[in-house]
Amino acid sequence: MATAQVAKQTQSTMVQALQSALVEEMDRDKDVVILGEDIGVRGGVFLITEGLVDKFGTDRVIDTPLAEAGIIGAAVGMALYGLRPVAEIQFIDFIFPGFDLLVTEAAKIRYRSAGQFGVPMVIRSPYGGGVRGGSYHSQSPEAYFVATPGLKVVVPSNPYDAKGLLIASIRDPDPVVFMEPKKIYRSVKSDVPAGTYEVPLGKAAVVREGKHASLITFGAMVPVALEAADIMNKDGVEVEVVDLRTLQPYDTEAILQTVGKTGHVVLLQEAPQIGGYSGEIAAFIAENAIEYLEGPIVRVGGWDTAFPYALEKAYMPNPNRVVRALKKTLNF
Amino acid sequence: MPALEEESLANASNDLSMKSEPKIRVSLPEGLSAETLREMYGRMVLTRLCDDRAFALNRQGKIPFAATCQGHEAAQVAAAYALKRGTDWVVPYYRDTALALAYGVTPREQLMCLFARKDDIFSSGRQFPNHYSVPDRKIASISSIIAAHVTHGVGMALAFAMRKEPIVTLITFGEGSTSEGEWHEAMNFAGIHQLPVVFMCENNEFAISVPQKLQMAVANVADRAAAYGFPGVICDGTDVVATYSVVREAVERARSGDGPTLVEAKVYRAMSHTSDDNQLTYRTQDEVDALKARDPIPRFEAWLKDRGLLDDATIKQMKQQAQAEVDEATDWAEAQPPPTEADLYTHVYASGPLS
C-alpha cells in the first residue's frame, strides 16, 4: 500500500524517501525490524516511521524504553541472530550512552570472532544544526564513528540518495551509522523513484562539475557548498562540488580525480575542526595527490566549541565562509 | 524436587561407568541420570585441569595471560546441563571456562585460545583467552566490556521470541556487572517483553579487588529482579545439584513463555582476578585459604560417592584421563602456528579490509 503511495510521487522530501526505503525493505524481508524511542504510535519525533506500526505490527516496530545502550545492544543481539534491525537514535546527540555498544561491540564482533559472527544492523539518527536545536539536538559527531574500523558511516544529502543509501545500508552485512541531515528532512524535494534501488556505499557523487577548485563535503553542507559555488561562478570561477555520501569507507578514486582535475581543495563539514573528518581527507590528499596541489588544502567547519543555541548562525559554516576559503586556496 | 528413579549403574555408558557395581536405588535430581551426573563431574575436573594449565603456562612465560573460573565450576556446569544443548544459546562472560567446556568446547580448542594460535576457532588469536565465539555450539561472542553482552543476549532472545522459536538464552555475568547501566537496560528490556532469558549472576563477591559491599547496598543481586518484574532466585553456586534445579526451573519458565528469571549463584573466586592480578594486595592469605573449604569439586565428589554413583577407582581413572587430554591438547596446541601478519587485516568488514 505504502509502495503504491510512493509510486504516485514524483517529488519527495527526505522524510518520505526514508520512509519508503523502510517500508519497501520491511515488505521485502521479514527479518527487517525497526526499534527506537517513540517510533511506534508516535511515528518518531520526525515522523520517519509514521504509520509503520499499523502496517507491520508491534513485533517489527518496537517502541523501546528510553535507553540508548539498551537499544543498540539489543539491535546487536538481534543482528547476531540474523535479523536486520534498523534502530533509530532519536537525535545523534543521544547516541553516546550507547557508544560502547556501537564502537566496541557492533564494530568489532566480526573481527574478534574471525568472521564467524556479523552484525548487519543500521543505526539511523538525525544529526546537524541550523534548526534551533541547541547544544544537544544539533551535533555532527561523524568523526568518532569514522575512527572505528568495522563501522560504516553514511550521510545522504538529498531525498534520492537517502532512499538508495538506506536500502543499501539495510542490505549491508556490516553495521552502518546512517546520519540523516535533519535540516534537509523537509526543506528539499527531489525525484524519488518508486520501487527499490540502491545507491552503493563507498561511492561519492559529483553534484556540480567545475575545473578551478574542488569543494568536498557531505550531508547538510552540500546545499551550502552549492550556494558558494554559485557565488564563485559569478566571477567565472567554476567550482566542482563532490558529495562524499559515504564517509567510511570513502571514495578515494573520486577524491583523487577531482583533485587531479582542479588542484585546489576546500573541505567543508559542520563539526568542529580539530580532529574532524576533513582532517582525514586532507591527509589522504596530502599523502596521495600532493603533486596536483596548487594551493593549500583549506578546511571550513564549525568552531571548536560546543554547539551554541543563540549563536547558531555564527557557528554554522555559511556560503561566505566557504567562498573565503576557496579564494584563499585559489589566490595562493 | 528430586525424583526417585531406578538407576542401573551397570547399564551406564562404558566411559563413565564403574566396575562391578551393585544394582542400587538412589534418589536423583529430576532430569539428571547417574551417567549425566558423572559426566558433569568430569567436566568440572577437566575445567580445573585446563585452568591450572593456563596459569602454569602463564608462569612459564608461554602464554601472556590467563584467567580462571576456579570456584565457579559447579554453577557453570549445572547451568550448561540445565539447558537444551545444541538448541539453547549461552551468552557468557570471560570467567566461564566450565560453562564453555560443558557446552561443547574441547580441551584442544581451549588450549588453542590460550596459545592464541591462528587456528584458534574462537577468534584466530585475536582475543584474550576464554573469549569464546562458537556459533555451531550456540556460544555467543564474548567481549571484555562488562555487561555489554547482557544487552546482546536480550536482543537475541527478542529475535527468538519474534520468530517463535522455543530457544532459551542463558546470560551470565559477575556481580560487578550489575552496577553497569547496560545491565539495567538489558534487564528492563527483558522484563518489559517477558523474554525467554535466564540471567545468571555468578556472584564471587569481588570485582577484581572491590568487594560486594562497595559494589551495591543490597545483600543479594537477586533482590534487584523485583525492579524488573520477574523473579530473582538465590542458590549455592558451589552445589551442582542445587544450582541445576534452580536453573532448570528458570529455563522451563523461559521456554514456556513465562519470562525471565534472575538466578544468583553464590560462588567464590579461588584465584586472583587474572594472571596480572595479585589478590594478596587486597585480601589475606587466611581468607584465600579459607575459601578452599568451599571447593565445589570435592564437594560434588563426596555427594556422588555417598550415593554410590562414583568410587575412588573411577575418580582416579577420570582424573588421569582428563589430565592426559589436557596434556595432549597442550602439546598439540603449542605446536600449532601463530597467526601471521597477513592475518591481521581479514574480517574487518564482510568484504575484507578497508584499504
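How many Å² does the accessible surface of chain A come to, and what percentage of this surface belongs to carbon and sulfur atoms? The accessible surface of chain A comes to about 12100 Å², and 53% of it belongs to carbon and sulfur atoms; accessible areas come from the Shrake-Rupley method with a 1.4 Å probe, and for residues only the protein chains shown count as cover.

This is a predicted model, in which local features need pLDDT of at least 70 and side-chain atom pairs count only at pLDDT 80 or more, whereas totals for chains, interfaces and linings use all residues. Residues are numbered from 1 along each chain as its sequence is written, chains are lettered from A and ligands numbered from 1 in the order in which they are written, and side-chain values use heavy atoms, with hydrogens and water left out.

**View 1. Overall dimensions of chain A.** The C-alpha trace of chain A spans about 60 × 45 × 40 Å along its principal axes. Its radius of gyration is 20 Å, which agrees with the value near 20 Å for a compact globule of 332 residues; the radius is taken over C-alpha atoms, and the globule rule is 2.2 Å times the number of residues to the power 0.38. Buried residues make up 62% of the 332 residues in chain A, where buried means under 20% relative accessible area, exposed over 50%, and partly exposed in between (1.4 Å probe, protein chains only). Among the contacts in chain A with a separation of 6 or more, 82% are between residues 24 or more positions apart, a contact being heavy atoms within 4.5 Å.

View 2. Chain A has 13 helices and 14 strands, which are DSSP runs numbered from the N terminus (helices H or I, at least four residues; strands E, at least two). In chain A, 7 strands form an open sheet with mixed pairing, in the order β3-β2-β4-β5-β7-β6-β12, and two strands pair if DSSP finds at least two bridges between them. The edge strands, each pairing on one side only, are β3 (61-63) and β12 (246-248) of chain A. Neighbouring strands of this sheet are turned by 20° against each other on average, direction ignored. Helix α8 (residues 159-171) of chain A packs on the sheet, touching β2, β4, β5, β6, β7 and β12 of chain A, and its direction makes about 165° with that of β7(A); axes are lines fitted to C-alpha atoms, for helices over the stretch in contact, and angles run from 0 to 180 degrees between N-to-C directions.

**View 3. Strands β6 and β7 of chain A.** Strand β6 (residues 152-154) and strand β7 (residues 176-181) of chain A pair in the parallel sense over 3 bridges. K152(A) has V176(A) in β7(A) as its bridge partner.

**View 4. Loops on either side of β12 in chain A.** R245(A), in the loop between β11 (239-243) and β12 of chain A, has a positive phi of about 65° although it is not a glycine. R245(A) is buried, with a relative accessible area of 11%. In the loop between β12 and α10 (252-262) of chain A lies P249(A), which is joined to Q248(A) by a cis peptide bond with omega about 0°.

View 5. E205(B), in the loop between β5 (197-203) and β6 (206-207) of chain B, has a positive phi of about 70° although it is not a glycine, and E205(B) is partly exposed at 36% relative accessible area. The count of disulfides over all chains comes to 0, a disulfide being a pair of cysteine sulfur atoms within 2.5 Å. The sulfur of C113(B) is 9.3 Å from the closest cysteine sulfur, in C50(B), and is therefore too far for a bond. C50(B) is buried at 0% relative accessibility, and C113(B) is buried with a relative accessible area of 3%.
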